[in-house]
Every structure is written in C-alpha cells, then in structure tokens.
Amino acid sequence: MDVGIPGNEHTDQLARIGSHEGLPSDLKPSARELIAIINQKGYNEQDHKWSIYCADHNLPILTNPSHKINIYSPIKREDRAYSRMRLRVTRLHGDYYKTVLCPQCNIHNTFEHLFFICPKHAEQRLELSAGVIAAYKNPLIINRDSLLMPPSGIAPVVRLHVFKFLRDTGYLDKI
Ligand SMILES: [Zn+2]
C-alpha cells in the first residue's frame with residue numbers, strides 16, 4: 001500500500017472498500033472518479049436494456065457491441081436515424097445543406113415527403129399508420145410529432161414502427 005501520498009491513500013481506500021460496499025460515505029470522490037461511476041451506471045443500464053431488447057426480439061443475448069449510450073434503440077443505426085430526425089439534422093431536404101430530390105418524384109425529398117406523401121412508399125406508410133394508430137389507441141393524425149415525440153409510455157412501440165418504415169423503404173442508412 002502506498003502510504004503517505006494523499007492521492008494514493010485515497011485510491012487504495014476506494015479500491016479496498018468501494019469494490020464490495022459501494023462508496024464510503026466519509027470519502028469525497030474526485031471528479032474523475034465520479035465520472036467513472038456515472039459512466040459505469042450508464043453502461044450497466046445500457047447492458048440491461050440490451051438484454052431485454054434481445055429477449056423481446058428472440059435474439060440470443062449478444063454482447064453489447066458498443067458502450068456508447070444509445071437512447072432510442074440499442075441498434076446504432078436505428079438510434080442514429082431517430083436522433084437525426086428529432087434534431088432535424090438528417091440528409092433529407094430542408095435538414096441538409098444541399099438540395100435533396102426524391103428519386104421517384106423529382107421534387108424536394110423532405111421528411112414530410114418521405115413519411116407522408118411519396119407514392120413510392122404508400123404500402124409501407126399504411127403499415128406504419130396502422131401500427132402507430134394502434135399504439136396511440138385513439139384516432140389521430142399521423143404527423144412529425146406523433147412519430148418523433150410520442151408519450152413515453154408508448155414511445156418504444158412507436159419507434160419500432162418508425163424503424164420498420166425506414167428499413168422497408170431503404171432509408172435507415174440514408175437518413
Ligand atoms: Zn417521392
């Protein structure tokens with residue numbers, strides 16, 4: 001044990017006590033230690049969510065490939081697409097720094113065009129609408145808010161339908 005150097009004594013005390021008892025109450029952790037503790041709690045929570053997700057989707061429990069905290073889906077590309085849409089930083093027209101045209105219609109390919117208008121995706125849109133209306137359990141107009149800002153109780157279900165729409169239309173990696 002490193003006696004006499006305040007920092008080392010501090011670390012030793014943490015290592016001895018912290019591992020099985022949690023943080024001793026009389027010890028003031030450093031900022032670095034606090035960050036490590038917070039990160040670890042986040043990782044644990046993420047692993048927990050990931051295991052539930054695997055069980056729900058009949059996947060074998062895989063090792064979480066990344067400890068990056070995903071908010072909307074443990075699958076990185078889904079999480080990224082949803083985050084970008086919410087923040088309006090997609091590669092669709094209006095969010096992007098360049099003009100983006102729908103390859104089918106040759107007009108501006110906005111979020112609204114993709115999700116609500118483009119005739120090419122009518123079939124996927126019907127499926128999305130049916131799923132989202134069922135999740136809300138009341139008649140509603142499907143719009144940007146109902147897809148991207150759902151109430152927390154039904155948000156996971158609504159997001160699964162949005163992810164499916166993006167996958168089926170080929171936009172999951174283009175958003
Ligand atoms: Zn179109």
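Me: Which exposed residues does the face of helix 3 turned away from its buried side carry?
Reply: In this predicted model, the buried residues of helix 3 are Glu-78, Ala-81, Tyr-82 and Met-85. They cover an arc of only 95 degrees around the axis, which puts them on the same side of helix 3. The face turned away from that buried side carries the exposed residues Lys-76 and Leu-87.

Me: Which helices do the buried residues of helix 3 pack against?
Reply: Helix 3 has 12 residues and spans 16 Å from its first C-alpha to its last, close to the 16 Å expected at 1.5 Å a residue. An α-helix has 3.6 residues a turn, so residues three or four places apart point the same way. The buried residues of helix 3 pack against helix 4, helix 6 and helix 7.

Me: How many other C-beta atoms lie within 10 Å of Lys-137?
Reply: Lys-137 lies in the loop between helix 5 and helix 6. Its phi is near 60 degrees, a positive value in a residue other than glycine. Lys-137 is exposed, and the number of other C-beta atoms within 10 Å is 8.

Me: What is the secondary structure of the protein chain?
Reply: Read along the sequence, the pattern is α-α-α-α-α-α-α. Buried residues make up 15% of the 175 residues in the chain. The secondary structure comes to 0 strands and 7 helices.

Me: Which element gives the largest share of the largest nonpolar core?
Reply: This core has 16 residues, and those with the most contacts inside it are Ala-81, Val-132, Leu-147, Val-158, Val-162 and Leu-166. Two or more residues each come from helix 3, helix 4, helix 5 and helix 7. The largest share is 4 residues, and it comes from helix 7.

Me: Which residues does Val-158 touch, not counting those up to four places away in sequence?
Reply: Val-158 is one of the buried residues of helix 7, along with His-161, Val-162, Phe-165 and Leu-166. They cover an arc of only 140 degrees around the axis, which puts them on the same side of helix 7. With residues up to four places away in sequence left out, Val-158 touches Val-132, Ala-135, Leu-147 and Pro-150.

Me: Is helix 5 roughly parallel or roughly antiparallel to helix 7?
Reply: The two helices pack with their axes 9 Å apart, at an angle of about 175 degrees. Angles over 145 degrees count as roughly antiparallel. The contact includes Leu-128, Val-132 and Ala-135 of helix 5 and Val-158, His-161 and Phe-165 of helix 7. The angle of about 175 degrees makes helix 5 and helix 7 roughly antiparallel.

Me: Which residue follows helix 7, and what is its phi?
Reply: Helix 7 has 15 residues and reaches 21 Å from its first C-alpha to its last, close to the 21 Å expected at 1.5 Å a residue. Its buried residues pack against helix 3, helix 5 and helix 6. The helix is followed by Gly-170, with a positive phi near 80 degrees.

Conventions
Residues numbered from 1 in each chain as written. Predicted model: local features only at pLDDT ≥ 70, side-chain atom pairs only at ≥ 80, totals over all residues. Buried ≥ 20, exposed ≤ 12 C-beta atoms within 10 Å, placed from the backbone. Expected span 1.5 Å × (residues − 1). Arc of directions from axis to C-beta. Contact = placed C-beta atoms within 7 Å. Core = buried A, V, L, I, M, F, W, Y, C linked by C-beta atoms within 7 Å. Axes fitted to C-alpha atoms, helices over the stretch in contact; angles between N-to-C directions. Parallel < 35°, antiparallel > 145°, perpendicular 65-115°, else oblique.
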